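Please look through the sequence and the model below before reading on.

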Amino acid sequence: MQAISEQEREAQFQAKIDRGEIIEAKDWMPERYRKQLIRMMSQHAHSEVVGMLPEGNWITRAPSLRRKAVLLAKVQDEGGHGLYIYCGTETLGISREQMLDDLLSGKAKYSSIFNYPTLTWADIGAIGWLVDGAAIINQTALAKCSYGPYARAMVRICKEENFHHKQGYEILATLMRGTAEQKAMAQDAMNRWWWPSLMMFGPSDANSPNSDELMRWKVKRYSNDELRTRFVDRTVPQAENIGLKVPDADLKYNEQTRSYEFGEINWEEFFNVIKGNGICNKERLMARKKAHAEGAWVREAAEAYAKKKATKNAAA
Ligand code: 3HC
(Lines give C-alpha, C1' and ligand atoms only; values in the text may rest on other atoms or scores of the structure.)
Protein backbone atom coordinates (compact mmCIF):
# COMPACT_ATOMS: atom_id res chain seq x y z
CA MET A 1 0.00 0.00 0.00
CA GLN A 2 1.47 3.37 -1.03
CA ALA A 3 2.55 5.53 1.99
CA ILE A 4 0.46 8.72 2.13
CA SER A 5 2.18 12.08 2.38
CA GLU A 6 2.23 14.15 5.56
CA GLN A 7 0.07 16.64 3.70
CA GLU A 8 -2.52 13.99 2.90
CA ARG A 9 -2.51 12.82 6.55
CA GLU A 10 -3.11 16.38 7.74
CA ALA A 11 -5.96 16.76 5.25
CA GLN A 12 -7.53 13.54 6.54
CA PHE A 13 -7.09 14.78 10.12
CA GLN A 14 -8.77 18.10 9.32
CA ALA A 15 -11.65 16.26 7.60
CA LYS A 16 -12.09 14.19 10.78
CA ILE A 17 -12.21 17.40 12.85
CA ASP A 18 -14.66 18.99 10.39
CA ARG A 19 -16.94 15.95 10.73
CA GLY A 20 -17.00 16.65 14.49
CA GLU A 21 -15.11 13.47 15.37
CA ILE A 22 -13.22 13.31 18.68
CA ILE A 23 -9.44 12.80 18.64
CA GLU A 24 -8.14 10.27 21.17
CA ALA A 25 -4.60 9.90 22.52
CA LYS A 26 -3.86 6.85 20.34
CA ASP A 27 -5.02 8.61 17.13
CA TRP A 28 -2.60 10.17 14.65
CA MET A 29 -2.41 13.95 15.09
CA PRO A 30 -0.26 16.72 13.60
CA GLU A 31 2.72 17.51 15.86
CA ARG A 32 1.48 21.12 16.00
CA TYR A 33 -1.93 19.97 17.32
CA ARG A 34 -0.17 17.96 20.04
CA LYS A 35 2.10 20.90 20.97
CA GLN A 36 -0.80 23.35 21.12
CA LEU A 37 -2.79 21.03 23.38
CA ILE A 38 0.21 20.44 25.65
CA ARG A 39 0.68 24.21 25.94
CA MET A 40 -2.98 24.98 26.63
CA MET A 41 -3.77 22.01 28.91
CA SER A 42 -0.58 22.22 30.99
CA GLN A 43 -1.10 25.95 31.54
CA HIS A 44 -4.69 25.24 32.51
CA ALA A 45 -3.48 22.68 35.06
CA HIS A 46 -0.86 25.13 36.39
CA SER A 47 -3.63 27.72 36.79
CA GLU A 48 -5.73 25.36 38.88
CA VAL A 49 -2.85 24.59 41.25
CA VAL A 50 -1.50 28.15 41.53
CA GLY A 51 -5.12 29.29 41.96
CA MET A 52 -5.20 27.42 45.30
CA LEU A 53 -2.75 29.97 46.77
CA PRO A 54 -4.81 33.20 46.86
CA GLU A 55 -7.82 31.37 48.33
CA GLY A 56 -5.75 29.17 50.65
CA ASN A 57 -4.59 32.44 52.19
CA TRP A 58 -8.05 32.83 53.79
CA ILE A 59 -8.76 29.30 55.05
CA THR A 60 -7.44 30.12 58.53
CA ARG A 61 -9.26 33.47 58.53
CA ALA A 62 -12.71 32.49 57.26
CA PRO A 63 -15.43 34.28 59.32
CA SER A 64 -17.26 31.09 60.36
CA LEU A 65 -16.76 27.33 60.53
CA ARG A 66 -19.21 26.92 57.64
CA ARG A 67 -17.30 29.40 55.43
CA LYS A 68 -14.04 27.64 56.36
CA ALA A 69 -15.45 24.20 55.44
CA VAL A 70 -16.79 25.47 52.11
CA LEU A 71 -13.51 27.23 51.24
CA LEU A 72 -11.52 24.12 52.20
CA ALA A 73 -13.71 22.03 49.87
CA LYS A 74 -13.27 24.50 47.04
CA VAL A 75 -9.48 24.73 47.35
CA GLN A 76 -9.27 20.95 47.52
CA ASP A 77 -11.40 20.75 44.34
CA GLU A 78 -8.96 23.07 42.54
CA GLY A 79 -6.07 20.77 43.41
CA GLY A 80 -8.08 17.88 41.99
CA HIS A 81 -8.81 19.85 38.80
CA GLY A 82 -5.08 20.43 38.39
CA LEU A 83 -4.28 16.73 38.80
CA TYR A 84 -7.08 15.81 36.40
CA ILE A 85 -5.80 18.11 33.69
CA TYR A 86 -2.13 17.17 34.27
CA CYS A 87 -3.17 13.52 33.72
CA GLY A 88 -5.04 14.51 30.56
CA THR A 89 -1.95 16.36 29.32
CA GLU A 90 0.28 13.33 29.99
CA THR A 91 -1.77 11.41 27.38
CA LEU A 92 -0.02 13.67 24.82
CA GLY A 93 3.39 12.30 25.74
CA ILE A 94 4.75 14.91 28.15
CA SER A 95 5.80 13.90 31.68
CA ARG A 96 4.47 15.50 34.88
CA GLU A 97 8.08 16.35 35.82
CA GLN A 98 8.57 18.25 32.56
CA MET A 99 5.35 20.23 33.06
CA LEU A 100 6.30 21.12 36.64
CA ASP A 101 9.82 22.11 35.52
CA ASP A 102 8.27 24.40 32.90
CA LEU A 103 6.08 26.05 35.57
CA LEU A 104 8.81 26.41 38.21
CA SER A 105 11.35 27.73 35.70
CA GLY A 106 8.88 30.42 34.61
CA LYS A 107 8.76 28.99 31.06
CA ALA A 108 5.07 28.03 31.30
CA LYS A 109 2.26 30.44 32.05
CA TYR A 110 -0.69 30.19 34.40
CA SER A 111 -3.77 32.38 34.43
CA SER A 112 -3.05 36.08 34.96
CA ILE A 113 -5.91 36.31 37.45
CA PHE A 114 -3.98 34.50 40.16
CA ASN A 115 -1.34 37.21 40.31
CA TYR A 116 -3.70 39.55 42.18
CA PRO A 117 -3.74 39.61 46.02
CA THR A 118 -6.71 38.57 48.18
CA LEU A 119 -6.89 41.56 50.53
CA THR A 120 -10.24 40.97 52.28
CA TRP A 121 -12.77 38.17 52.84
CA ALA A 122 -14.92 39.70 50.10
CA ASP A 123 -12.15 38.77 47.63
CA ILE A 124 -12.97 35.12 48.28
CA GLY A 125 -16.53 35.86 47.21
CA ALA A 126 -15.31 37.75 44.15
CA ILE A 127 -12.99 34.89 43.13
CA GLY A 128 -15.74 32.28 43.42
CA TRP A 129 -18.34 34.40 41.63
CA LEU A 130 -16.20 36.16 38.98
CA VAL A 131 -13.13 33.95 38.45
CA ASP A 132 -14.93 30.62 38.64
CA GLY A 133 -17.81 32.21 36.74
CA ALA A 134 -15.37 33.08 33.93
CA ALA A 135 -13.84 29.61 34.16
CA ILE A 136 -17.32 28.05 33.75
CA ILE A 137 -17.94 30.02 30.54
CA ASN A 138 -14.52 29.00 29.19
CA GLN A 139 -14.63 25.37 30.36
CA THR A 140 -18.20 24.70 29.22
CA ALA A 141 -16.94 25.50 25.71
CA LEU A 142 -13.86 23.30 26.23
CA ALA A 143 -16.14 20.39 27.16
CA LYS A 144 -16.96 20.32 23.40
CA CYS A 145 -13.32 20.50 22.25
CA SER A 146 -11.96 18.00 19.73
CA TYR A 147 -9.44 16.33 22.09
CA GLY A 148 -11.31 13.61 24.02
CA PRO A 149 -9.33 13.52 27.29
CA TYR A 150 -9.57 17.33 27.67
CA ALA A 151 -13.27 17.51 26.82
CA ARG A 152 -14.14 14.72 29.27
CA ALA A 153 -12.08 16.31 32.07
CA MET A 154 -14.09 19.51 31.60
CA VAL A 155 -17.43 17.76 32.12
CA ARG A 156 -16.60 16.78 35.69
CA ILE A 157 -14.72 20.02 36.45
CA CYS A 158 -17.64 22.20 35.33
CA LYS A 159 -19.97 20.45 37.80
CA GLU A 160 -17.65 21.42 40.67
CA GLU A 161 -17.11 24.95 39.30
CA ASN A 162 -20.84 25.54 39.63
CA PHE A 163 -20.60 24.93 43.39
CA HIS A 164 -17.58 27.31 43.49
CA HIS A 165 -19.51 29.98 41.62
CA LYS A 166 -22.58 29.71 43.88
CA GLN A 167 -20.63 29.88 47.14
CA GLY A 168 -18.76 32.97 45.94
CA TYR A 169 -21.96 34.72 44.90
CA GLU A 170 -23.55 33.82 48.26
CA ILE A 171 -20.60 35.38 50.15
CA LEU A 172 -21.07 38.68 48.28
CA ALA A 173 -24.88 38.59 48.51
CA THR A 174 -24.56 38.13 52.28
CA LEU A 175 -22.12 41.05 52.58
CA MET A 176 -24.43 43.23 50.47
CA ARG A 177 -27.21 42.61 53.01
CA GLY A 178 -24.85 43.57 55.84
CA THR A 179 -23.46 46.75 57.38
CA ALA A 180 -22.22 49.73 55.39
CA GLU A 181 -18.64 48.52 55.98
CA GLN A 182 -19.49 45.06 54.65
CA LYS A 183 -21.17 46.56 51.56
CA ALA A 184 -18.11 48.74 50.97
CA MET A 185 -15.82 45.70 51.32
CA ALA A 186 -17.85 43.79 48.70
CA GLN A 187 -17.86 46.75 46.28
CA ASP A 188 -14.10 47.21 46.78
CA ALA A 189 -13.55 43.55 45.85
CA MET A 190 -15.78 43.98 42.78
CA ASN A 191 -13.77 47.03 41.74
CA ARG A 192 -10.45 45.12 41.99
CA TRP A 193 -11.52 41.80 40.44
CA TRP A 194 -13.88 42.85 37.63
CA TRP A 195 -11.36 43.87 34.95
CA PRO A 196 -8.75 41.14 35.72
CA SER A 197 -11.64 38.61 35.34
CA LEU A 198 -12.34 39.93 31.83
CA MET A 199 -8.61 39.54 31.06
CA MET A 200 -8.84 35.81 31.90
CA PHE A 201 -10.32 35.21 28.44
CA GLY A 202 -7.05 36.29 26.81
CA PRO A 203 -6.13 39.14 24.50
CA SER A 204 -8.64 40.54 22.01
CA ASP A 205 -9.25 38.30 18.99
CA ALA A 206 -7.12 40.58 16.81
CA ASN A 207 -4.16 39.98 19.16
CA SER A 208 -4.64 36.26 19.79
CA PRO A 209 -1.91 34.40 17.85
CA ASN A 210 -3.16 30.93 18.82
CA SER A 211 -6.90 31.32 18.23
CA ASP A 212 -7.13 30.75 14.45
CA GLU A 213 -5.37 27.39 14.60
CA LEU A 214 -7.20 26.31 17.76
CA MET A 215 -10.57 27.26 16.27
CA ARG A 216 -9.76 25.41 12.99
CA TRP A 217 -9.01 22.31 15.04
CA LYS A 218 -12.13 22.83 17.20
CA VAL A 219 -10.04 22.99 20.36
CA LYS A 220 -11.44 26.46 20.96
CA ARG A 221 -15.11 26.53 19.97
CA TYR A 222 -15.53 30.28 20.50
CA SER A 223 -13.13 33.19 20.31
CA ASN A 224 -11.68 35.04 23.33
CA ASP A 225 -13.97 38.03 22.72
CA GLU A 226 -17.10 35.88 22.23
CA LEU A 227 -16.56 34.14 25.58
CA ARG A 228 -15.69 37.43 27.31
CA THR A 229 -18.95 38.99 26.09
CA ARG A 230 -20.88 35.89 27.17
CA PHE A 231 -19.36 36.30 30.66
CA VAL A 232 -20.31 40.00 30.86
CA ASP A 233 -23.86 39.32 29.65
CA ARG A 234 -24.33 36.65 32.32
CA THR A 235 -22.62 38.48 35.19
CA VAL A 236 -23.90 42.07 34.99
CA PRO A 237 -27.52 41.11 35.90
CA GLN A 238 -26.17 39.06 38.83
CA ALA A 239 -24.24 42.10 40.09
CA GLU A 240 -27.31 44.32 39.79
CA ASN A 241 -29.38 41.68 41.57
CA ILE A 242 -27.37 42.10 44.78
CA GLY A 243 -26.69 45.83 44.43
CA LEU A 244 -23.06 45.68 43.26
CA LYS A 245 -21.94 48.34 40.79
CA VAL A 246 -19.91 47.20 37.75
CA PRO A 247 -16.80 49.47 37.69
CA ASP A 248 -17.17 50.42 34.00
CA ALA A 249 -18.62 53.85 33.06
CA ASP A 250 -18.92 52.68 29.43
CA LEU A 251 -21.05 49.62 30.21
CA LYS A 252 -24.34 49.78 28.38
CA TYR A 253 -26.94 47.30 27.16
CA ASN A 254 -27.44 47.21 23.38
CA GLU A 255 -31.10 46.40 22.68
CA GLN A 256 -30.28 45.42 19.06
CA THR A 257 -27.59 42.85 19.87
CA ARG A 258 -29.25 42.04 23.24
CA SER A 259 -25.76 42.12 24.74
CA TYR A 260 -23.63 44.48 26.83
CA GLU A 261 -21.01 46.79 25.37
CA PHE A 262 -18.19 47.57 27.75
CA GLY A 263 -15.16 49.80 28.11
CA GLU A 264 -11.60 49.19 26.87
CA ILE A 265 -9.55 46.65 28.82
CA ASN A 266 -6.17 47.81 30.12
CA TRP A 267 -4.09 45.58 27.83
CA GLU A 268 -0.85 47.10 29.06
CA GLU A 269 -1.68 45.77 32.54
CA PHE A 270 -2.62 42.36 31.07
CA PHE A 271 0.61 41.88 29.11
CA ASN A 272 2.63 43.20 32.03
CA VAL A 273 1.09 40.60 34.34
CA ILE A 274 1.63 37.70 31.92
CA LYS A 275 5.22 38.87 31.45
CA GLY A 276 5.71 38.23 35.17
CA ASN A 277 5.38 41.78 36.52
CA GLY A 278 2.04 41.44 38.31
CA ILE A 279 1.58 42.18 42.02
CA CYS A 280 1.95 38.54 43.12
CA ASN A 281 3.83 36.76 40.30
CA LYS A 282 7.07 36.37 42.25
CA GLU A 283 5.26 35.38 45.46
CA ARG A 284 3.18 32.73 43.66
CA LEU A 285 6.18 31.13 41.96
CA MET A 286 8.17 31.17 45.22
CA ALA A 287 5.30 29.44 47.01
CA ARG A 288 5.12 26.76 44.31
CA LYS A 289 8.89 26.22 44.41
CA LYS A 290 8.81 25.92 48.23
CA ALA A 291 5.91 23.42 48.09
CA HIS A 292 7.71 21.41 45.41
CA ALA A 293 10.92 21.25 47.45
CA GLU A 294 9.08 20.35 50.66
CA GLY A 295 7.15 17.63 48.80
CA ALA A 296 10.31 15.89 47.49
CA TRP A 297 10.25 13.31 50.32
CA VAL A 298 6.67 12.31 49.41
CA ARG A 299 7.65 11.75 45.75
CA GLU A 300 10.75 9.76 46.79
CA ALA A 301 8.71 7.60 49.18
CA ALA A 302 6.04 6.93 46.55
CA GLU A 303 8.72 6.01 43.97
CA ALA A 304 10.52 3.69 46.44
CA TYR A 305 7.20 2.00 47.31
CA ALA A 306 6.28 1.59 43.62
CA LYS A 307 9.74 0.11 42.87
CA LYS A 308 9.52 -2.33 45.82
CA LYS A 309 6.02 -3.40 44.75
CA ALA A 310 7.13 -3.90 41.13
CA THR A 311 10.12 -6.01 42.26
CA LYS A 312 7.85 -8.12 44.52
CA ASN A 313 5.32 -8.64 41.69
CA ALA A 314 8.10 -9.56 39.25
CA ALA A 315 9.48 -12.13 41.75
CA ALA A 316 6.01 -13.66 42.40
N1 3HC B 1 -3.29 34.42 31.65
C2 3HC B 1 -2.03 34.08 31.26
N3 3HC B 1 -1.67 33.95 29.96
C4 3HC B 1 -2.63 34.20 29.05
C5 3HC B 1 -3.95 34.53 29.38
C6 3HC B 1 -4.25 34.64 30.76
N7 3HC B 1 -5.47 34.99 31.18
N8 3HC B 1 -4.67 34.69 28.24
C9 3HC B 1 -3.81 34.47 27.22
N10 3HC B 1 -2.59 34.18 27.72
C11 3HC B 1 -1.38 33.90 26.95
C12 3HC B 1 -1.53 32.62 26.15
O13 3HC B 1 -1.12 31.50 26.92
C14 3HC B 1 -0.58 32.90 24.98
O15 3HC B 1 0.76 32.75 25.42
P16 3HC B 1 1.60 31.42 25.02
O17 3HC B 1 1.45 31.26 23.53
O18 3HC B 1 2.99 31.74 25.47
O19 3HC B 1 0.98 30.30 25.80
C20 3HC B 1 -0.74 34.40 24.75
O21 3HC B 1 -1.25 34.93 25.99
C22 3HC B 1 -1.67 34.74 23.59
O23 3HC B 1 -2.98 34.39 23.94
P24 3HC B 1 -3.89 33.52 22.95
O25 3HC B 1 -5.27 34.03 23.04
O26 3HC B 1 -3.25 33.41 21.60
O27 3HC B 1 -3.75 32.11 23.68
P28 3HC B 1 -4.84 30.93 23.70
O29 3HC B 1 -5.43 30.76 22.36
O30 3HC B 1 -4.19 29.80 24.37
O31 3HC B 1 -6.03 31.53 24.62
C32 3HC B 1 -6.82 31.05 26.88
C33 3HC B 1 -5.79 31.81 26.01
C34 3HC B 1 -8.20 31.65 26.57
C35 3HC B 1 -6.46 31.21 28.34
C36 3HC B 1 -6.78 29.57 26.48
O37 3HC B 1 -5.45 29.12 26.59
C38 3HC B 1 -7.67 28.69 27.31
O39 3HC B 1 -8.88 28.68 27.14
N40 3HC B 1 -7.05 27.89 28.20
C41 3HC B 1 -7.78 26.87 28.95
C42 3HC B 1 -8.51 27.45 30.14
C43 3HC B 1 -7.57 28.04 31.17
O44 3HC B 1 -6.38 27.92 31.10
N45 3HC B 1 -8.14 28.72 32.15
C46 3HC B 1 -7.32 29.34 33.17
C47 3HC B 1 -8.15 29.62 34.35
S48 3HC B 1 -8.31 28.17 35.29
C49 3HC B 1 -9.27 28.68 36.53
O50 3HC B 1 -9.77 29.75 36.53
C51 3HC B 1 -9.51 27.72 37.62
C52 3HC B 1 -10.81 28.00 38.32
O53 3HC B 1 -11.22 26.78 38.92
C54 3HC B 1 -10.61 29.00 39.40
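Of the 32 residues around the ligand, which come nearest? They are R39, K109, E161, S208 and K220, where a residue is taken to be near a molecule or strand if one of its heavy atoms lies within 4 Å of it. The model is a predicted one, in which local features need pLDDT of at least 70 and side-chain atom pairs count only at pLDDT 80 or more, while totals for chains, interfaces and linings use all residues. Residues are numbered from 1 along each chain as its sequence is written, and side-chain values use heavy atoms, with hydrogens and water left out.

A polar side-chain atom of K109 lies 2.6 Å from an oxygen atom of the ligand, and an N or O atom in the side chain of E78 is 2.8 Å from a ligand oxygen. From M200 it is a backbone N or O atom that lies 3.3 Å from a nitrogen atom of the ligand.

Across the whole structure, a search finds 21 salt bridges, each defined as a side-chain nitrogen of Lys or Arg within 4 Å of a carboxyl oxygen of Asp or Glu. One of them pairs R192 with D123, the closest N and O atoms being 2.7 Å apart. Because R192 lies in helix α8 and D123 in helix α6 (residues 121-142), this pair ties together parts that are 69 residues apart in sequence. Burial is judged by relative accessible area (buried under 20%, exposed over 50%, partly exposed in between, with a 1.4 Å probe and protein chains only); D123 is buried at 0%, and R192 is partly exposed at 23%. Salt bridges that share partners also join E55, K74, E78 and D132 into one network. In another pair, D102 and K107 meet at 3.6 Å, N to O; D102 is buried, with a relative accessible area of 12%, whereas K107 is exposed, with 63%.

The helices discussed here are DSSP runs (H or I, at least four residues; strands are E, at least two), numbered from the N terminus. In α11, W267, F270 and V273 are buried. Seen down the axis of α11, these buried residues fall within an arc of 125°, so they line one face of the helix, the arc being that of the directions from the helix axis to the C-beta atoms. On the other side of α11, E268 and K275 are exposed. The buried residues of α11 pack against α8 (180-199), α10 (224-242) and α12, contact meaning heavy atoms within 4.5 Å. At the N-terminal end, N266 caps α11 through a side-chain oxygen that lies 3.2 Å from the backbone nitrogen of E268.

In α12, N281, R284, L285 and R288 are buried. Seen down the axis of α12, its buried residues fall within an arc of 95°, so they line one face of the helix. K282, M286, K290 and A293 are exposed on the other side of α12, while the cover over its buried residues includes α2 (31-50), α3 (52-56), α5 (96-104) and α11 (267-277).

Terms used: A polar contact is a pair of N or O atoms within 3.5 Å; within protein, one must be able to donate a hydrogen and the other to accept it, and residues adjacent in sequence count only if both atoms are side-chain atoms.
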